[in-house]
Amino acid sequence: MIPRYARPDMVAVWSPETKFRIWFEIEAHACDAMAKLGVIPQENADAVWKAKDVEFDVARIDEIEAVTKHDVIAFLTHLAEHVGSEEARFVHQGMTSSDVLDTCLNVQMVKAADILLEGMDKVLAALKKRALEHKDTLRVGRSHGIHAEPTTMGLTFARFYAEMDRNKNRLEKARWEVATGAVSGAVGTFANIDPAVEEHVCEQLGLRPEPISTQVIPRDRHAMFFATLGVIASSIENIAVEIRHMQRTEVLEGAEFFSMGQKGSSAMPHKKNPVLTENLTGLARLVRMTVIPAMENVALWHERDISHSSVERGIGPDATITLDFALNRLAGVVDKMLIFPENMLDNMNKFPGLVMSQRVLLALTQAGVSREDAYSMVQRNALKVWEERVDFQEQLLADEDVVKALGVDGINEKFDMGYHTKHVDTIFKRVFGE
């Protein structure tokens, strides 16, 4: 990813330096296990750890790879330059390149997941804070972009919290899904390496042994991981689109914080554009772009091919770096977002009282009017509100059929806003458990 949308901690997970450090640890721990089994001399295993504080020379490894055309062999050659050729002659004993590559990739994905989970916690904290702050702040609910019935801004934040909380649970499961390692040798049969080596390496790296690998770790695990990232990105876009809608000039119920000195347009000085949430919408597309290739990686020839490799070198860093940036940006947007309760009430009253139409409809049916007749009675008055901007309550009070069925007091009682918020506490308890 480009630096503009990247944070240092996540970038570091995918750096060549981090990769080669993990490769070293896999090889060194494997040597320890083989020495314990008596497969290689202990002094050779100990010698490998002479490189534990070495900063592996990326340029040198690239130089060797230019000749060998094989990245793992290039690294092993460079490792021997530090450890000594004789001392390093048992490194990679019985192993195949995927034992190193796949186990390393899963370590990186676990590290990336941990950073993403931290980002999700920031988003959840911001959403919960704003939900509690605006628990009773009235706004009109919309369906199809059209006024529906009253809700609260707190409920809007609460439903986004619940969605992100589900996503956190998904990511925790996806993290578990990829937290496996394989050191099983060619085609995964352990013919040339004892399964105890795999168990030791995985234990040292915080992984579980892959129950059955071929020459690679099964890619359905990775597909699940990237699919989860795609779902999280979609939820980020869901929140971003709502904020973008709220910031429209005609709506203006909420807006991104506009800092001192910020400019909204190179041409129009008055502009305050929702640039951060528009950016989040775009970043979500980038993350989702990695999902289909990850799923296509599942189908490999026989025990392995490398059609997945070039894909993963790109989508691993791209998806996690982008999502990490997006989560942290979203947390900041929500935390500093401006809310305009007065505008919410003004918007709800653009068509005075119209949001109470269902309550009047239900009251008429409960008063003995057929649903068809009740719907017709309510709709004919509602359409006048649409067309003439008159007051819905006053229209109903002037309608003899409605007054006959409900009475004046019965009509007036149906315009109590508290009717729509009476279960907010119940919903909040379901979402937040408090």
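Val187 sits in the loop that joins strand E3 (180-181) to helix H8 (195-205); helices (H or I, at least four residues) and strands (E, at least two) are DSSP runs, numbered from the N terminus. The model is a predicted one, in which local features need pLDDT of at least 70 and side-chain atom pairs count only at pLDDT 80 or more, while totals for chains, interfaces and linings use all residues. Residues are numbered from 1 along each chain as its sequence is written, and side-chain values use heavy atoms, with hydrogens and water left out.

Although Val187 is not a glycine, its phi is positive, at about 50°. With a relative accessible area of 39%, Val187 is partly exposed; here buried means under 20% relative accessible area, exposed over 50%, and partly exposed in between (1.4 Å probe, protein chains only). A positive phi is also found at Leu252, about 45°, and Leu252 is not a glycine either. Leu252 belongs to the loop between H9 and strand E5 (254-255), and its relative accessibility of 33% makes it partly exposed.

Helix H9 (residues 220-247) brings us to Arg221. Is Arg221 buried or exposed? Arg221 is buried, because its relative accessible area is 11%, below the 20% limit for that class. Setting aside residues up to four places away in sequence, Arg221 touches Glu177, Val178, Thr180, Arg208, Glu210 and Pro211, where contact means heavy atoms within 4.5 Å. Arg221 and Ala174 are 47 residues apart along the chain, yet 7.9 Å separates their C-alpha atoms.

Gly154 lies in helix H7 (residues 153-178). Gly154 is buried, with a relative accessible area of 0%. Leaving out residues up to four places away in sequence, the residues it touches are Ala131, His134, Lys135 and Phe428. From Gly154 to Lys36 the distance is 60 Å, C-alpha to C-alpha, and the two are 118 residues apart in sequence.

Now for the whole chain. The protein contains 18 helices and 6 strands. Its radius of gyration, taken over C-alpha atoms, is 30 Å, well over the 22 Å that the globule rule gives for 434 residues, so the protein is more spread out than a compact globule. That rule is 2.2 Å times the number of residues to the power 0.38. Along its principal axes, the C-alpha trace spans about 100 × 50 × 40 Å.

Three domains divide the protein: domain 1 (7-93), domain 2 (97-344) and domain 3 (354-414), with bounds that come from an automatic or database domain assignment. Between the C-alpha centres of domain 1 and domain 2 there are 32 Å. How many residues of domain 1 are in contact with domain 2? The count is 23 residues of domain 1, in contact with 31 residues of domain 2.

Of the contacts in the protein with a separation of 6 or more, 75% come from residues 24 or more positions apart. Among the 434 residues, 50% count as buried. The accessible surface is about 21,100 Å², and carbon and sulfur atoms hold 53% of it; such areas come from the Shrake-Rupley method with a 1.4 Å probe, and for residues only the protein chains shown count as cover. Finally, there are 49 positive and 64 negative side chains, and the centres of the two sets lie 5 Å apart. Lys and Arg count as positive and Asp and Glu as negative, with His and the chain ends not counted, and each charge is placed at NZ of Lys, CZ of Arg, CG of Asp or CD of Glu.
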